[in-house]
Amino acid sequence: MAMKSYDLRQYPSFKAITIFCLFILYAPLLVVTVYSFNDSVSITNWEGVSLRWYAEVFTGAESEKFKIAARNSFVIALIAASASTVMATFAATAILRGGRFKLRTASFGLISLPLMVPEIVTAVATLIFFNAIGVDRGLITILLAHIAFCIPFAYLPISARMQGIEATYEQAAMDLYATRAKAFTRVLLPLMMPGIISGWLLAFIVSLDDFIITNFVKGAGVETLPTAIFGSVKQGIKPNIMAISTMLLGVSVVMVTLSWLISRRDNNK
Amino acid sequence: MAGGASTGGSSQSETFAPARYWLLLPSWVTLTILVLAPVSMMMGYSFLTKEFRGGVIWEFSLSAYDQFFFDRGLFGDDPPVLQWTYISIFWRSIWQAGVATLMSLVIGFPTAYFIATRPEKERAIWVFLVTIPYWVNLLIRTVSMKFLLRDQGPLNDLLVGSGLLSEPLTIVNTNFAVQLGLFYSYLPFMVLPIYAAAERYNFALSEAAADLYATRWTVLRRILLPSVKPGIVAGCILVFVPSLGSFLAPDLLGGAKNFMIGSLIEEQFKGNAGNWPFGAAASMILLTLVMVILLISARQQAKGGK
Amino acid sequence: MKSIIKSTVAAAALTVTAGAALAEGQLVIYHWFEYIPQELLDKFAAENDVEIIMDTYDSNEALLAALKAGAMGTYDVAVPGDYMVQIMAGEGLLDTVADGELANKGNIQPQWANPSFDPGRMHSIPYQWGSTSFAVNRDVYAGDINTTSILFDPPAELSGKINMLDSQGEVMAMAALHLGIPQCSSDRDQLKALNDMLQSAKAHWASFNSDTAKEVLVSGDAAVGQIYDGFGAKAREEGAPIEYAFPREGYVVWMDNVVLLKDAPNRANAIKFMDFLLEPENIAAVSNYARYVAGVDGVAPYLDPTLASQPESNPPADAGPGVFIEVCDQQVQEIYDRIWTDLKN
C-alpha cells in the first residue's frame, strides 16, 4: 500500500505544468522589472543598467500627477477597506450568529451581488445613477462605489473565519453574565481578528487595483493610480511606468508576505 | 462564492439573534443604494429613448432592444431580420472567455493538484507564489503581457535569436492575444478553488480504485475529477465571468478592432456611439447571461454536492 | 481595533476634504493628450497664481461623450476640433465670450477670425491647426505613398501593418475622400459603397488606436499609421523612418480651438487662460512643442526655425485638397454610427 501511494498521488508532467504555470505568471512581470532598469529612452533597446526611471517617477514631469494619484488611491483604499470591513463583520455576525431568519438568504445574496454582477455593468449602472441624481463626480463618488464593491471581498475571509469558531465561546461568556456587546467585542472579535485582517487586506488591494468602475465614476482631474497609469500607458509603454509597476509589485509582495506571516503566526498558536 | 450559495455551517448559532437586523442594516443600506438601485435604474434606462449624441429622453421605448436583436438594414427601413452584429459580439466574447477558461483549466488544474499534494508546510509557499502576480495591477499585467509579446518584444527576440523561428511571430492585435491576456489575468482564480477542493480530497479513494486495478489516468478521470468538481466549477466561473465583461485585454492586446461586450458597452458611454439606452440594454443582456450561468451552475452544484 | 479603525477613517476623511477644499484659484482644463507643454502651464499658473488641473481625452467624440455624461460644470475650458465646436455649440455646451472680454482677440489671424464652425468666434479662440493624413515607414515600403489607397487598398507589403485612428470623424472623412464622394452624403448607393469599402479595407488593418498613433510608428509595430501632421513629425524626430503623405485624393484639415464651457466653475481664470493663449509667444510655445501651426498673428519670431521647413507642414504641389470634417445631420450620423460599429465588430 505505502509503496503505491506516492505513485498514485503524483502524475508525471504535473510538476512541469506547475513550473510552466509559474513561468507564465511571472515572465511578463520579470521582463518589465528588468526593463525598468534600462538606461534607454526607447523601450526596445538595452543601454545598460540605471535607476534613472525611478528618479523620474519621483522628480519627473509626471511625478506630481502620480503622487496625487497615489495619495488618492491609498486614502480611498484605506477608507473603503475599513468601512467595508466593519460592515462585513457586522453582516457576518448577523448571518452566521443570528439564527435562522427570513432575510438571511436574501442578505447573503445582496452581499455577494457585487461579485456576481460583471464589473462593467456595475460601472455603467453607477455612472447612470450618479448622473441621474445629479451628484458631482469626484473622490467621494469613487469612495462610495469602492465601499460597496469591497463589502463581499471583506466578507468572504471574515465569514470563513467565523465558521471555524465554535459558538460555545460567546455562549460561555454570556453564561458568565457578559452582555451581548461584551461577548462580541471581548470574545468574538479577537477570535475573528485574523479573518478581519485578511478581509481588510483583500478589500484594500481590490480597491487599490480597481480601474473599470473608477474610470466610469471619477470626476474631472481626479485620478487614482490605476486611471493615471492607464492614461500614461495608453500612449505606449514608457520606462517610468515600468518603474512604477516594479515598485507596486514590491509593495504587493510585502503586503502579501505580511498577511501570510500574520495568518501563519495565528495558525501556530 | 459564486456558485454554491452556502450561507454558513450546519449548526445555527443564535447568540446575536436579537441584534441581527441592526447588524445587517449598514450593509443593506449601502448595497441597496449603491448597487441595487443603480442596477434597477440602468434597467429603466434601457427602456428609454436615446438622445442624439448621448443622454436619454424620458420616453418609453423598446428601440434599444430592437437595435440589439433586429437588423433593419443600413438605412433602417428594410424588413427586420435577426441582427447578427451584436449577437456575434456576444458570441465572440463568450468564445474568447471560454477559450481563456479552458486554457486556465488545462494549466490550472495540474498546478492546483500538484500544490495540494505537496507536504503541508510547502503548500502555503506555493499558493503564495501563485497569488503574488494577481496583486499587481491588472492594467500593468496586461501591458506587461503586450510588451512581452510585441513583434519586436523579448519573446520574439528570444525565439528569433535562438534560431527557433526565422521571423517574429505576430501575436499582438490577434484574437489569440486577447485569449492569452484573459487567461493570464485570471489564472490564479482557477488555481485557488481547485486547490481548496483538492486539498480536502481523500487519497484513500485513489488507493481503493488502484487496488481494483484502475490505472492512474482512470483514477484521475473517474475518481479525482468528480471529487474536485465543485472547485473546478467555481474556478471556471471565476475566470469566465470577469473575462466576459473585460475590456482592457481586447483594447490593449486585441487592437480595439474586434469588439467584445465590455468594449461595446464602454463605447456607448465614453466613445463614439453615445447611445445610453443601448449601452444599458447591452449591460442588462450581459447581466442576464451571467445570472443564468450562475443559476445553472448553482443548481448543478446543489445536485452534485449532495 | 475599533478605535484604530475609527481614527484612521477620520484622519483619511480629513485628508480627502482638505484636498477638495483647495477650490479657490483653479483652472480645470479638458485637453487632448500630449498637446501642451508643461512649462507653459506652469507659466500660466505662476503668473496668475492658480492651480491647474488637466484631464485628457483622445478624440473629439470622447470629449463630447464625457461632457454629456455629466462632466459639465467641472471643466472650464476644452479644446475641441472645428466640427466638434459646431456640435458642442448646437448641444448648448458652450458659454459665450462677450465682446471685449478677451483683450487679445485682435491677434487672431483674419482667416480664422470668422470660421464657419463658430461665426464671429463667439465661443472659441484658435489653438492650433494642421492636417490629418497618414505616415508610411519608408524602410518597409518605397513606392508611391501619396494616395489614400495606402490606407484602404494597400500594397501587399503594408497589408496587416496599418494602425487607424480610433476616431470616427477622421476615418469616415478619409474614406469619403478615397471614394470621391461628398462627406455626410445621404445617397444610399454612396453610403453602401462606403460601408462595403471600409469592410474590405478592415482586413488590412492591424489596430484602431489614437493614443499610440505615434508610438506604433516609432516602435515599428505598425508600418502605416493614420496620424496628425505634427504628431507624425514628432514620431519622425523620435527616430521612426517615416514619411508623411499628402494624398492626391485629398486629406483632412482641422483646427483645434479653445472653448469656454458652460457652467465653468472658474470662468474668470478661463478667460485669462484664453487671453494667455492668444499671446504670440505663448501659442508659439505650443506650436514648437506639438509641431502644428498657430492661428495668431505675430508668432513667427518665437517659432522654432525647423518648424516652417518640416515636410509635414509643406504639401507638395500635386497634393489633393485639404478638407474640414463636416457635421452630418442626425439621420446620416446614425448611419455613420452603424457603419462604424460594424467596422469595429
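A salt bridge here is a side-chain nitrogen of Lys or Arg within 4 Å of a carboxyl oxygen of Asp or Glu. Hi everyone, let's start with that. This is a predicted model, where local features need pLDDT of at least 70, side-chain atom pairs count only at pLDDT 80 or more, and totals for chains, interfaces and linings use all residues. Residues are numbered from 1 along each chain as its sequence is written, chains are lettered from A and ligands numbered from 1 in the order written, and side-chain values use heavy atoms, leaving out hydrogens and water.

Over all chains, the count comes to 19 salt bridges. Arg150(B) is buried, at 3% relative accessibility, while Asp221(C) is partly exposed at 26%. For those words, buried means under 20% relative accessible area, exposed over 50%, and partly exposed in between, with a 1.4 Å probe and protein chains only.

Now to chain B itself. Arg123(B) and Glu199(B) form a salt bridge at 3.0 Å, N to O. Arg123(B) counts as buried at 15%, and Glu199(B) as partly exposed at 36%.

Over in chain C, Arg267(C) pairs with Asp95(C) at 2.9 Å, N to O. Chain C also has a salt-bridge network linking Glu34(C), Lys214(C), Lys234(C) and Glu238(C).

Still, 97 residues of chain B are in contact (heavy atoms within 4.5 Å) with 100 residues of chain A. Thanks, folks!
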